[in-house]
Amino acid sequence: MLRGQPREHEGVGPIALAEPVLDVVRFEPHPDATRERGGGLVAGVHLGGDAVEPVMLEPEREGCLDCFAGEPTSAVGRVEDPSDLCLPMFAIRQPERHIADGLALVLDDEREGAAVGLETGPEEPFAELVVGVFRVNQQVTGSDPFIVMPSADLEQAVETAVTARIQNNGQSCIAAKRFIIHTDIYDAFAEKFVAALRGLTVGDPLDQSTDVGPVATEGGRQDLVDLVEDARQKGASILLGGDVPEGRGWFYPVTAIADLPDQARLVREEAFGPLAALYKVADREEAVQVANRTDFGLSSSVWSQDPEEQEFFLERIEAGGVFVNGMTASAPELPFGGVKHSGYGRELSAAGIRAFCNLKTVWVA
């Protein structure tokens with residue numbers, strides 16, 4: 001139970017108390033962190049802990065590092081260029097202190113602390129500082145499957161598939177990226193889906209008539225180029241797009257690819273942009289096999305009107321979420337997180353608050 005809530009059992013019996021982890025350090029590879037750090041804030045305030053104060057660190061923005069006392073890069077050893085950090089957001093309890101002091105709050109704590117969202121290797125900037133045993137809540141990204149079976153409402157599935165693929169210009173961790181279609185309806189789905197994608201307008205994101213804008217970075221666009229060229233060279237069919245347009249901006253055309261061979265990178269890697277991969281499957285067993293083929297497992301979408309078939313997918317898809325006859329979305333009341341290389345732990349809802357708590361078992365006799 002959360003501190004302050006009525007106990008379910010008065011008198012003799014077990015009681016579970018959730019106590020906040022007071023010192024939290026959070027590293028974010030992108031600036032969309034307000035929602036995710038909410039669990040730590042709630043745990044810190046509602047459960048009696050210290051509030052976690054956010055600090056924005058955007059190394060590429062001039063003057064941004066001035067919020068720290070001393071030289072920020074001196075705390076991270078091998079890193080000479082602050083822009084190499086690529087950590088736009090983190091939060092520590094006392095933001096006026098140096099980053100090394102903030103890390104020490106967690107690393108030197110005798111309790112089980114939480115280093116949240118930190119992924120590091122021997123060549124990463126904080127590798128020398130991260131020692132000890134920590135609870136980690138890590139959310140990364142995904143290559144979500146979008147499965148459509150013959151019993152599905154085809155028109156609704158196609159309409160949703162388009163939105164699920166191109167939301168935020170295709171740059172969303174929970175965007176549908178791999179469209180796995182039963183052979184009985186594959187041709188009909190592919191025709192409608194590609195036609196709908198072809199009708200989208202790529203252009204100035206400030207223009208109200210634009211459907212798809214540019215990707216965020218030059219490197220992000222090059223990743224898409226490399227994935228498509230690799231697939232093309234290995235025999236995949238380019239149904240739409242696939243060529244970088246001329247002109248300014250990191251634009252990439254809405255692209256659809258089919259007939260991907262197993263050795264193509266796109267089969268296992270994430271496409272972070274307006275690039276859709278289509279797969280034809282003979283039955284639900286093959287659909288699950290294709291869906292689980294990647295190392296990712298953030299979320300998924302299944303389209304079927306058959307209750308038994310729905311249950312089949314719910315039990316077998318390796319993902320942190322399965323949305324039936326709808327597009328994957330996140331909401332404050334729903335736990336959010338993935339499995340495999342898409343992370344571990346959960347954000348949002350009560351589960352997201354408890355991620356920042358230590359559970360204490362109490363027996364009263």
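Author: In this predicted model, both faces of strand β7 are covered. On one side Asp144, Phe146 and Val148 are buried, and on the other Pro145 and Ile147 are buried. The strand spans residues 144-148, and five of its five residues are buried.

β7 has strand neighbours. With β8, residues 176-182, β7 runs parallel, and five bridges join the two. Within this pairing, Asp144 has Ala176 of β8 as its bridge partner. In β12, Ser301 is the residue opposite Phe146.

Helix α7, residues 307-316, also belongs to this picture. Its buried residues are Glu309, Gln310, Phe312 and Phe313. Viewed down the axis of α7, these residues fall within an arc of 155°, so they line one face of the helix. They pack against β7, and also against α6 (284-291), β12 and β13 (323-324). The face of α7 turned away from the buried side carries Pro307 and Glu315, which are exposed. At the N-terminal end, α7 is capped by Asp306, which has a side-chain oxygen 3.0 Å from the backbone nitrogen of Glu308.

Leaving aside residues up to four places away in sequence, Ser342 touches Gln138, Gln139, Val140, Thr141 and Gly142, together with Asp295, Phe296, Gly297 and Leu298. For Leu298 there is also a polar contact: its backbone nitrogen lies 3.2 Å from a polar atom of the Ser342 side chain.

Now the charged pairs. Side chains of opposite charge can pair when their charged atoms come close. The structure holds eleven salt bridges. One of them joins Lys192 to Glu155, with the closest N and O atoms 3.0 Å apart. Lys192 is in helix α4 (residues 183-198) and Glu155 is in α3, so this pair ties together parts that are 37 residues apart in sequence. Lys192 is partly exposed, at 33% relative accessibility.

A salt bridge also joins Glu285 and Arg284, at 3.6 Å from N to O. Glu285 is partly exposed, with a relative accessible area of 43%.

The salt bridge between Glu318 and Lys340 has its closest N and O atoms 2.9 Å apart. This pair links distant parts of the chain, 22 residues apart: Glu318 lies in the loop between α7 and β13, and Lys340 in the loop between β13 and β14. Glu318 is partly exposed at 39% relative accessibility, and Lys340 is partly exposed at 33%. Elsewhere, Glu229, Arg232 and Asp243 are linked in a network of salt bridges.

Notes
Residues are numbered from 1 along each chain as its sequence is written. This is a predicted model: local features need pLDDT of at least 70, side-chain atom pairs count only at pLDDT 80 or more; totals for chains, interfaces and linings use all residues. Side-chain values use heavy atoms; hydrogens and water are left out. Buried means under 20% relative accessible area, exposed over 50%, partly exposed in between (1.4 Å probe, protein chains only). Helices (H or I, at least four residues) and strands (E, at least two) are DSSP runs, numbered from the N terminus. Two strands pair if DSSP finds at least two bridges between them. The arc is that of the directions from the helix axis to the C-beta atoms. Contact means heavy atoms within 4.5 Å. A polar contact is a pair of N or O atoms within 3.5 Å; within protein, one must be able to donate a hydrogen and the other to accept it, and residues adjacent in sequence count only if both atoms are side-chain atoms. A salt bridge is a side-chain nitrogen of Lys or Arg within 4 Å of a carboxyl oxygen of Asp or Glu.
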